[in-house]
Amino acid sequence: LVNNMWWEFHGSEEGAYAVKYNGSVDKKHICPSKMLADNGKLLLKNRSWQLEDVKGGTLGIVWDLEGPYCWNICFCKECIENFRKFASIASDVALTPQIIRENYNTPWIKYCCRQSTEICRMLRNSMKKINPSAKFGFYSGLPSFDTMESYRADWLDAIGDIDLALLSYYS
């Protein structure tokens, strides 16, 4: 069987929680930038049980990639600075969630999707080291801008980092 994965990264990682658009802390989600830092140290720690399952015979992992919505998380300083680099925005340009949404809507959505692709890459590479024949993929909406914005899934960006593409027709 293929193990299922959700975006929610529960844990007690103080200081690693995501920041919502309104500036409040979201203790249901870990900041994607913090998950991906240090070669995905926090991501791999959180998903170690699934990687152990692959070692134990699970044939792979499918990520049910249905959000969080790009305008929900994460607007911490680290994510905003990483976005600045991603979108090649000068350091003297002020960036707040509101400014990003008004002036950099599409680049922000592509940045959020890039975070999902990086999660795919890190998990797939780690899984393949354990079991080269295991498969990694995700399930999400049909390729569209709405899927990118609502589900953080850019099929074209992720195609090189997944083995399985499971498209939903209800979104």
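View 1. The structure, a predicted model, holds zero disulfides (a disulfide being a pair of cysteine sulfur atoms within 2.5 Å).

**View 2. The largest nonpolar core, with 25 residues**. Such a core is a set of buried Ala, Val, Leu, Ile, Met, Phe, Trp, Tyr and Cys residues joined through side-chain atoms within 4.5 Å. Trp-63, Ile-119, Met-127, Phe-136 and Phe-138 touch the most other members. At least two residues each are supplied by α1 (32-46), α2 (48-55), β4 (60-64), α5 (105-130), β5 (135-141) and α7 (155-158), where helices (H or I, at least four residues) and strands (E, at least two) are DSSP runs numbered from the N terminus. The largest share, five residues, comes from α5.

**View 3. Another core, of 21 residues**. This core lies apart from the largest one, and its members include Ala-18, Val-19, Cys-112 and Cys-113.

**Notes.** Residues are numbered from 1 along each chain as its sequence is written, and side-chain values use heavy atoms, with hydrogens and water left out. Local features in this predicted model need pLDDT of at least 70 and side-chain atom pairs count only at pLDDT 80 or more, whereas totals for chains, interfaces and linings use all residues.

Conventions. Buried means under 20% relative accessible area, exposed over 50%, partly exposed in between (1.4 Å probe, protein chains only).
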